[in-house]
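I opened this entry to keep track of what I looked up, one topic at a time.

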Amino acid sequence: MKPEKPENFSLPVFNMKGQEVGTVNVTSDDFGGLVRSRLIKDVVVLQARNRRQGNANTKTRREIVTSGKKPWKQKGTGRARSGKRSSNIWRKGYKAMGPKTMDYYREIPVGMRRLALASAVLGKIKDKEVKLLEEFKFDKTSSRSAAGLLKALDMNHGILLANHHDDDKVWKSFRNLCAERGLLFMKGSDLNALDILSKKGLLITRKAFEEMVERVKPS
């Protein structure tokens, strides 16, 4: 049920030195009014499913190439009867009920994706896990500068970083820190509920945030 009164949020905007230089005001109505946990769960499960490659493939009995000769005669050896070496009980035999190539993709309605994204971001805002950056700006590629920015903003580990446009200097500056600190860097237009919930914090440029709000705002 939608709350009677919308909640107001004032999000500070920081510069590259970690200094507050402004604010952005939003309301819960900009994100659909409330956090829809069930919808988020349904969309996240589908998004995770759609990322599965599904390329596991084991051979069936007809795909195993053998001579067709019996390993030993049917009777008189004292051993259990055996027909072919392609049997699943033999080394290099077929795999009984093994996985086959499968397409896990399921279409997700655009409205569901947007509402799930809005709810995920609203949840992060309520938990004070969203920080806005005026812009990512590096004079040259520098992992040290990137680490300094994260330290100044007190967002060192498990952060999703979103820029409003592609920038090689910015991406290369954070690239070496992604594996070390559990960071994920992406374009603002590619934000989705699964990636947002996979990280404990969101650092996004002001422009990317405003574009995202316009995209998910109820019409």
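I began with D154, which counts as exposed at 62% relative accessibility; for this word I used the cut-offs of under 20% relative accessible area for buried, over 50% for exposed and partly exposed in between, with a 1.4 Å probe and protein chains only. I noted that this is a predicted model, in which local features need pLDDT of at least 70 and side-chain atom pairs count only at pLDDT 80 or more, while totals for chains, interfaces and linings use all residues. Residues are numbered from 1 along each chain as its sequence is written, and side-chain values use heavy atoms, with hydrogens and water left out.

Where does D154 lie? I found D154 in the loop between α3 (143–152) and β4 (159–163), where helices (H or I, at least four residues) and strands (E, at least two) are DSSP runs numbered from the N terminus. The phi of D154 is near 55°, a positive value in a residue other than glycine. Most residues other than glycine have a negative phi.

I then turned to M97, which is not a glycine either and has a positive phi of about 55°. M97 sits in the loop between α1 (37–50) and α2, and M97 is exposed, with a relative accessible area of 83%.

Next I looked at the interior. I read that a nonpolar core is a set of buried Ala, Val, Leu, Ile, Met, Phe, Trp, Tyr and Cys residues joined through side-chain atoms within 4.5 Å. The largest such core has 33 residues, and F31, L191, I204 and F209 have the most contacts inside it. Helix α2 (residues 110–126) gives the most to this core, with seven residues. A second, separate core has 19 residues, including A147, L161, C178 and F185.

Which residues does F209 touch, leaving aside its neighbours within four places in sequence? Counting contact as heavy atoms within 4.5 Å, I listed L11, V24, V26, F31, V121, I125, L132 and I204 for F209.

Last, I considered the whole protein chain, which has six helices and six strands. The radius of gyration, taken over C-alpha atoms, is 26 Å, well over the 17 Å that the globule rule gives for 219 residues, so the chain is more spread out than a compact globule; the rule is 2.2 Å times the number of residues to the power 0.38. The C-alpha atoms fill a box of roughly 90 × 45 × 25 Å, taken along the principal axes. Buried residues make up 39% of the 219 residues.
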